[in-house]
Amino acid sequence: MRNLLMAAALFWPSVYGLATGAQAGETVLLFEDTDDLPPPYKQWWYATQADNSSYDQAYEVFIRGEGKRGDFFGILRVDCLNAKHSEWLATGGIMSAGDVPARAISELRQQTCNNSG
């Protein structure tokens, strides 16, 4: 429950910021998943960087999944120096963190670590 409340608390400011044009981060499409889904069904994976600091080369990123398989939202602390130290700070939705495709996480790491400093 604590993780769900934490995710919700961080999610709403991001939505508000995106809706008002504030600097809450740009939302990017990470991956459009069609594996094992008959047309026209898809699962989309998006990311919005929530933390713009690069203190320890780690960034907090809000990840959202939506589509035929269900919804997912979570906050992933992406450690650019050591991928093994990346961790989910909060998750919610029908899907679990283990359901997030490796391809989406790989794309997230590439975009976050290569473009953030």
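# A guided walk through the structure

Let us start with how the chain meets itself: of the contacts in the protein with a separation of 6 or more, 39% come from residues 24 or more positions apart. A contact here means heavy atoms within 4.5 Å. Please keep in mind that this is a predicted model, in which local features need pLDDT of at least 70, side-chain atom pairs count only at pLDDT 80 or more, and totals for chains, interfaces and linings use all residues. Residues are numbered from 1 along each chain as its sequence is written, and side-chain values use heavy atoms, with hydrogens and water left out.

Now for the overall plan. The protein has 2 helices and 5 strands, and along the sequence they follow the pattern α-β-β-β-β-β-α. These elements are DSSP runs numbered from the N terminus, with at least four residues of H or I for a helix and at least two of E for a strand. The protein has 117 residues, and 33% of them count as buried. Buried stands for under 20% relative accessible area, exposed for over 50%, and partly exposed for what lies in between, using a 1.4 Å probe and protein chains only.

Two strands are said to pair if DSSP finds at least two bridges between them.

We can follow the pairings strand by strand. S2 and S3 run antiparallel and are joined by 7 bridges; Thr48 stands opposite Phe62 in S3. Between S3 and S4, also antiparallel, there are 8 bridges, and Gly65 faces Phe72 in S4 as its opposite residue. The hairpin of S3 and S4 has 4 residues between the strands, and there Gly70 takes a positive phi near 125°. S4 and S5 pair in the antiparallel sense over 6 bridges, with Gly74 having Thr91 in S5 as its bridge partner.

What lies inside? The largest nonpolar core has 16 residues, and those with the most contacts inside it are Leu30, Trp45, Val61, Ile63, Phe72, Val78 and Leu108. A nonpolar core is a set of buried Ala, Val, Leu, Ile, Met, Phe, Trp, Tyr and Cys residues joined through side-chain atoms within 4.5 Å. At least two residues of this core come from each of S1, strand S2 (43–49), strand S3 (58–67), strand S4 (72–79) and helix H2 (102–115).

Phe72 belongs to S4 and is buried at 1% relative accessibility. Leaving aside neighbours within four places in sequence, the contacts of Phe72 include Trp45, Ile63, Trp88, Met95 and Val100. Phe72 and Trp45 are 27 residues apart in sequence, while their C-alpha atoms are 8.9 Å apart in space.

Asp33 is in strand S1 (residues 27–33), and it is buried, with a relative accessible area of 7%. Its side chain makes a polar contact with the side chain of Arg69 (2.8 Å) and reaches the backbone nitrogen of Asp35 at 2.9 Å. A polar contact is a pair of N or O atoms within 3.5 Å; within protein, one must be able to donate a hydrogen and the other to accept it, and residues adjacent in sequence count only if both atoms are side-chain atoms. In the loop between S1 and S2 we find Asp36, which is exposed at 77% relative accessible area and has a positive phi of about 60° although it is not a glycine. Pro40 is in the loop between S1 and S2, and the peptide bond from Pro39 to Pro40 is cis, with omega near 10°.
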